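Trainee: I would like a close look at one part of this model. Please take me through it slowly, and then show me what lies around it.

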Amino acid sequence: NIYKQLEAQVMFYGLNNFIKKVLPKRLFYRSLIIVATPIILLQIIITVVFFDSLWIKANKGMTKSLVGEVETLVDVYRSQQDIKHIETIIAIYHKNFNFTVTLKEDELLPQKKIERWYSPMDRSLRREFKPVFGNSYWFDTTTFKELVELRIKYKNGFLQIFFPKSKIAPSSVRIFALWITLPGFLLITIAIVFLKNQT
């Protein structure tokens, strides 16, 4: 027992010395770390929880709904032979879902996919469209600021669909990011002013 206690004390002493070497020597910077660290950790935790439980789930549900709408549109093209009926349905889609649909005949899907692996939007589109359309789709989320271009293979061409990014990206993300970052910076700035006067 005595040996274990001595070993624990030695480890604690070594860790304490390491922390002392890493931390800044001046009182102002030490105090700033004490004040700023909890604020930064709180922001990180809230951000992770928000993206995991709210943004990702909302994005997944919205993307699934989009896939259903696109799949229904493709089925309409396959089942309807009368061009007037198709044009009427496209007009309804444009009115109710804000889709802009064009049939491109005798054209192939682009070989190169413009997909950002780090983007939650691109990952969500890829995850939901792959099981339904396999490799018979292509999308671009970078060319247009507020629109997504989607192409679905159809016969000897493809259906070109434009829809707003707001259909798959919750608008609360930017507001949340603004509200979580600005107060944090404000609190840290106030802390720096007070700490500098005190130290």
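Through how many residues does a hairpin join β2 to β3?

Mentor: Six residues make that join. Some ground rules come before the detail. This is a predicted model, in which local features need pLDDT of at least 70 and side-chain atom pairs count only at pLDDT 80 or more, while totals for chains, interfaces and linings use all residues. Residues are numbered from 1 along each chain as its sequence is written, and side-chain values use heavy atoms, with hydrogens and water left out.

Now the two strands. β2 covers residues 137-140, and β3 covers residues 147-154. Strands here are DSSP runs (E, at least two residues), helices are runs too (H or I, at least four), and both are numbered from the N terminus. β2 and β3 pair in the antiparallel sense over four bridges. To count as a pair, two strands need at least two bridges found by DSSP. Tyr 137 stands opposite Ile 152 of β3.

Look along β2 next. Tyr 137 and Phe 139 point one way. Trp 138 and Asp 140 point the other way. These residues are all buried. Buried means under 20% relative accessible area; exposed means over 50%, and partly exposed lies in between (1.4 Å probe, protein chains only).

What about β3? Six of its eight residues are buried, so β3 is largely enclosed by the rest of the structure. Glu 149 and Arg 151 are both buried. Their side chains meet in a salt bridge, at 2.7 Å from N to O. A salt bridge needs a side-chain nitrogen of Lys or Arg within 4 Å of a carboxyl oxygen of Asp or Glu.

β3 has another partner, β4. The two pair in the antiparallel sense, over eight bridges. Leu 147 stands opposite Pro 164 of β4. The hairpin of β3 and β4 has two residues between the strands. Lys 155 sits in that loop, with a positive phi of about 55 degrees although it is not a glycine. Most residues other than glycine have a negative phi. Lys 155 counts as exposed because its relative accessibility is 63%.

Asp 106 also has a positive phi, near 55 degrees. Its place is the loop between β1 (100-104) and α4. Asp 106 is exposed, with a relative accessible area of 62%.

Among the buried residues of α4 are Met 121, Leu 125, Phe 129 and Phe 133. Glu 128 forms a salt bridge with Arg 127, the closest N and O atoms being 3.5 Å apart. Glu 128 counts as buried, at 10% relative accessibility, whereas Arg 127 counts as partly exposed, at 40%. Gly 134 follows α4 and has a positive phi, near 60 degrees.

By the rule above, the salt bridges come to three. One of them joins the side chains of Glu 69 and Lys 167, at 3.5 Å from N to O. Glu 69 lies in helix α2 and Lys 167 in the loop between β4 (157-164) and α5 (172-198), so the pair ties together parts that are 98 residues apart in sequence. Glu 69 counts as buried, at 13% relative accessibility.

α2 covers residues 27-79, and Ile 40 lies in it. Ile 40 is partly exposed, with a relative accessible area of 40%. Together with Leu 41, Ile 44, Ile 45, Val 48 and Val 49, Ile 40 forms a nonpolar patch on the surface, with about 550 Å² of accessible area. Patch residues have over 30% relative accessible area and no salt bridge; like charges are joined within 9 Å, and nonpolar side chains (Val, Leu, Ile, Met, Phe, Trp, Tyr) within 5 Å. Accessible areas come from the Shrake-Rupley method with a 1.4 Å probe, and for residues only the protein chains shown count as cover.

Finally, step back to the whole chain. It has five helices and four strands. Along the sequence the pattern runs α-α-α-β-α-β-β-β-α. Buried residues make up 32% of the 199 residues.
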